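Open the model in your viewer and keep the selection tool handy.

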Amino acid sequence: MIFVVRWFMPVSLLLTFIIGSFLGWIVILITKPPPHLRGLIVGCCAAGNLGNMPLIIIPAVCKDIEGPFGDPENCHKYGMGYVAFSMAIGSVYIWTYVYNLMRVLSNSPTEAQPSIESSYKVPLISSKEEEEEDNHKVGRWDRFKRRMVSLSEKVNLSTIFAPTTIAAIIALVIGLIDPLRELIIGSVAPLGVLQDSVTLVGDGAIPATTLIIGGNLLKGMRSSGMKKSSIAGVLVARYILLPISGVLIVRGAYKLDLITSEPLYQFVLLIQYAVPPAMSLAYLAGTITQLFGTGESECSVIMLWAYGFASVSLTAWPTFFMWLVA
């Protein structure tokens with residue numbers, strides 16, 4: 001039911017990734033970083049912390065009885081539901097959109113030089129004529145199967161269906177299907193021990209990821225080839241331009257009756273545009289960046305500065321958002 005009523009949240013999340021990647025490309029054009037760091041800069045601007053930060057912010061703002069979100073218990077209940085939904089959708093976007101975007105921008109293979117022998121070879125039949133002959137010989141269904149096979153060879157399904165993506169899909173299925181949800185979720189659920197086990201493991205995720213971030217920050221303090229202008233561009237994109245675009249999108253959607261007037265729902269949508277590239281950036285540093293062997297220390301430097309300015313950004317923007325939706 002939440003997916004039907006809150007259909008705008010996946011769209012809004014996708015817009016955060018698209019606008020962030022667009023701002024990252026502007027940062028690249030202005031600061032002109034080395035080619036192997038382009039994917040990292042775009043990834044840092046596109047992928048935000050849609051997990052740990054909202055999990056900390058929402059319970060904190062819901063404790064205020066006189067706040068704009070009403071009863072603290074209901075605020076916590078629905079707010080955490082919105083955050084869990086955004087985490088699941090965001091995980092899918094990170095490992096499909098951001099991963100492939102970084103892979104294309106970071107992994108630029110050198111063009112092979114043509115040999116002397118191949119340079120003197122002239123085809124007797126042009127490529128267009130060969131294609132026309134193939135179209136006559138092969139039917140449409142066979143051509144479609146060939147294209148699908150070629151596409152499957154280019155797409156790395158093992159990265160798209162990463163463990164986080166699989167977990168997000170399973171969570172969505174369980175949450176959307178009432179019999180499954182009643183079987184696993186709740187204090188009186190027959191298989192409630194599964195929920196308790198997953199919760200116990202999940203409680204250690206934040207400290208474990210913090211340790212990973214600390215290790216990456218240590219690498220970044222030692223050496224880095226990241227320009228100061230590139231770091232400043234990422235911070236401006238994430239902490240100024242992206243939240244401003246979020247205000248325009250969310251308030252515009254409200255004016256067009258695309259979303260409800262519920263203050264908590266609008267607040268969660270706005271927070272998605274103001275979070276730092278923190279924990280999701282740790283995923284990128286620990287997996288995506290290491291796959292290509294470039295940008296690991298530079299990623300750590302961006303994380304260091306992002307953490308430094310997050311305390312200011314996550315104080316100013318949520319305060320403004322609460323005033324805006326009240």
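A polar contact here is a pair of N or O atoms within 3.5 Å, where, within protein, one must be able to donate a hydrogen and the other to accept it. Keep in mind along the way that this is a predicted model.

**Stop 1: Ser12.** Select helix α2, residues 8-31, and find Ser12 in it. Is Ser12 buried or exposed? Ser12 has a relative accessible area of 0%, so it counts as buried. Now show the side chain of Tyr273: the Ser12 side chain makes a polar contact with it at 3.0 Å. Leaving out residues up to four places away in sequence, Ser12 touches Leu269, Gln272 and Tyr273.

**Stop 2: the nonpolar core.** Next, select Met9, Phe69, Phe267 and Phe321, the residues with the most contacts inside the largest nonpolar core, which has 66 residues. Helices that each supply at least two residues of this core include α2, α5 (72-106) and α14 (228-255). Then zoom in on Phe321: beyond its neighbours within four places in sequence, Phe321 is in contact with Val247, Phe267, Leu270, Ile271 and Ala274.

**Stop 3: a surface patch.** Helix α10 (163-176) is one of the contributors, and α10 gives the most, with 3 residues. Click on Leu180 in helix α11: its relative accessibility is 31%, so Leu180 counts as partly exposed.

Key
Residues numbered from 1 in each chain as written. Predicted model: local features only at pLDDT ≥ 70, side-chain atom pairs only at ≥ 80, totals over all residues. Heavy atoms only, no water. Helix = DSSP H or I, 4+ residues; strand = E, 2+ residues; numbered from the N terminus. Buried < 20%, exposed > 50% of the residue type's maximum accessible area, 1.4 Å probe, protein only. Contact = heavy atoms within 4.5 Å. Core = buried A, V, L, I, M, F, W, Y, C linked by side-chain atoms within 4.5 Å.
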